Amino acid sequence: INASVEEGVYRGVLFSALSKVYRSTFFVIILQAIAFGLLHINGFPRGWSGVALASIYGLFMGFIRFRSRGLLAPWLTHVTADMTIVLILIFLN
């Protein structure tokens, strides 16, 4: 569910809205990545390092969204990443 919501909001609604305002796809990818990163300030890892890592991840996801011209590829990538994080957290405890 997490991947569906986040991809729908950031690579779906926000990406599309920004694309209508800005002509530069590069700028759109950067803006949605920063917004995605800021959402994760309390994620894993917490704080600004988490924001930076999530923003970098958001850049890649934005690029995948742009190249695939849809949400399926970024969603599948996000699901895989979330499952990996859950497994890491399980095995660390």
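Guide: Accessible areas are computed here by the Shrake-Rupley method with a 1.4 Å probe, and for residues only the protein chains shown count as cover. The model is predicted, so local features need pLDDT of at least 70 and side-chain atom pairs pLDDT 80 or more, while totals for chains, interfaces and linings use all residues. Residues are numbered from 1 along each chain as its sequence is written, and side-chain values use heavy atoms, leaving out hydrogens and water.

Visitor: What share of the accessible surface of the protein chain belongs to carbon and sulfur atoms?
Guide: The accessible surface of the protein chain comes to about 6200 Å². Of this area, the share that belongs to carbon and sulfur atoms is 73%.

Visitor: Which pattern does the protein chain follow along the sequence?
Guide: Helices (H or I, at least four residues) and strands (E, at least two) are DSSP runs, numbered from the N terminus. The chain has 4 helices and 0 strands. Read along the sequence, its pattern is α-α-α-α.

Visitor: Which residues of helix 4 does helix 3 meet?
Guide: From helix 3, Tyr 57, Met 61, Ile 64, Arg 65 and Ser 68 take part. In helix 4 they meet Ala 73, Pro 74, Thr 77, His 78 and Ala 81.

Visitor: What percentage of the 93 residues counts as buried?
Guide: Buried means under 20% relative accessible area, with a 1.4 Å probe and protein chains only. Of the 93 residues of the protein chain, the buried part is 27%.

Key
Contact means heavy atoms within 4.5 Å. Buried means under 20% relative accessible area, exposed over 50%, partly exposed in between (1.4 Å probe, protein chains only).
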